Amino acid sequence: MLDETDDIHPLFHGAPRTTEFRKLRKRIVRDTREAIERYGMVERRAPDAPREKWLVCLSGGKDSYTLLAVLTELQWRGLLPVDILACNLDQGQPGFPATVLPEFLAKMGVPHRIEYADTYSIVIDKVPQGRTYCALCSRLRRGNLYRIAREEGCSAVVLGHHRDDILETFFLNLFHGGKLATMPPKLLNDEGDLFVLRPLAHVAEEDCERFSRAMGYPIIPCDLCGSQDGLQRQAIKRMLDEWETKAPGRRGKMFSALMNARPSHLLDPALFDFAGLVRETEN
């Protein structure tokens with residue numbers, strides 16, 4: 001029943017009918033539902049309150065297409081009681097195919113907003129030659145997305161970061177930031193008026209790639225930062241790939257560790273009262 005054309009959202013029309021693809025799709029949906037429920041991503045509202053609205057950010061990459069598809073399916077099945085507004089921020093990057101996403105979203109019947117904001121020129125002007133663009137580009141993009149979410153009455157900005165993004169960020173912070181931290185699946189912005197959600201937190205990057213490729217979605221590469229050599233994130237990714245090759249399943253183990261922190265077995269006295277530990281002694 002899941003793949004009958006009269007019982008499926010247009011985003012899934014033409015989906016492969018193979019057993020392998022059905023298992024892949026089922027796994028992505030399961031992992032996404034698990035993250036949404038585990039981290040309480042859907043707000044608890046009074047029965048007579050208006051439905052929550054999410055701004056689902058669509059870059060045109062494999063991850064954001066997977067995000068949009070799985071959230072739309074959950075909503076289509078009545079398992080995600082929120083309204084979805086897809087949003088693409090055209091950042092003025094030369095050669096960006098500006099018609100691809102609006103045509104795709106209109107064809108699929110997905111409510112959407114396309115916003116133009118030339119952050120590209122700012123990044124090129126402000127970042128010294130040889131330095132990576134990611135940090136400034138991300139901050140400018142995030143600021144515009146927050147503005148759009150407020151204008152559209154959304155409660156959350158929803159991003160397509162997956163399990164591997166979270167692991168890579170953990171090791172970037174570990175090796176270069178001197179802290180144990182990563183992208184949380186749910187956080188509140190500094191102003192306290194918007195959530196930032198990552199429903200693909202439990203989904204493997206490989207699954208996003210296989211899914212979007214099988215669906216034939218029109219992928220748009222990010223040539224701004226993807227063209228730069230020597231990015232630390234790429235070095236981390238290669239390290240994790242090597243570990244996974246030598247010990248299959250290691251990524252999954254490391255991700256499980258992030259969900260199983262033991263403050264008493266770390267070294268941060270702000271998280272655990274080491275000084276307050278008291279020995280049991282005989283009277």
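Predicted model: local features only at pLDDT ≥ 70, side-chain atom pairs only at ≥ 80, totals over all residues.
Local features need pLDDT of at least 70 and side-chain atom pairs count only at pLDDT 80 or more, while totals for chains, interfaces and linings use all residues. Residues are numbered from 1 along each chain as its sequence is written, and side-chain values use heavy atoms, without hydrogens and water.

**View 1. Helix H6, residues 163-177.** Eleven of its 15 residues are buried, so H6 is largely enclosed by the rest of the structure; buried means under 20% relative accessible area with a 1.4 Å probe, protein chains only. Among them are Ile166, Leu167, Phe170 and Phe171. The buried residues pack against helices H2 (62-76), H7 (205-215), H9 (232-246) and H10 (250-258). Just after H6, glycine 178 takes a positive phi of about 65°.

**View 2. Glutamate 73 in helix H2.** Glutamate 73 is buried, with a relative accessible area of 8%. Leaving aside neighbours within four places in sequence, glutamate 73 is in contact (heavy atoms within 4.5 Å) with Phe12, Arg25 and Val29.

**View 3. The lining of the largest cavity.** Lining residues, which have an atom within 4 Å of a point on the 1 Å grid where a 1.4 Å probe fits but cannot get out, are Phe12, Arg25, Ile28, Val29, Ala69, Val70, Glu73 and Phe211. Helix H1 (19-38) and H2 each give two or more residues to this lining.

Key
Helix = DSSP H or I, 4+ residues; strand = E, 2+ residues; numbered from the N terminus. Expected span 1.5 Å × (residues − 1). Buried < 20%, exposed > 50% of the residue type's maximum accessible area, 1.4 Å probe, protein only. 1 Å grid on protein atoms, 1.4 Å probe; cavity = no way out; pocket = protein on both sides within 12 Å on 5 of 7 lines; lining within 4 Å.
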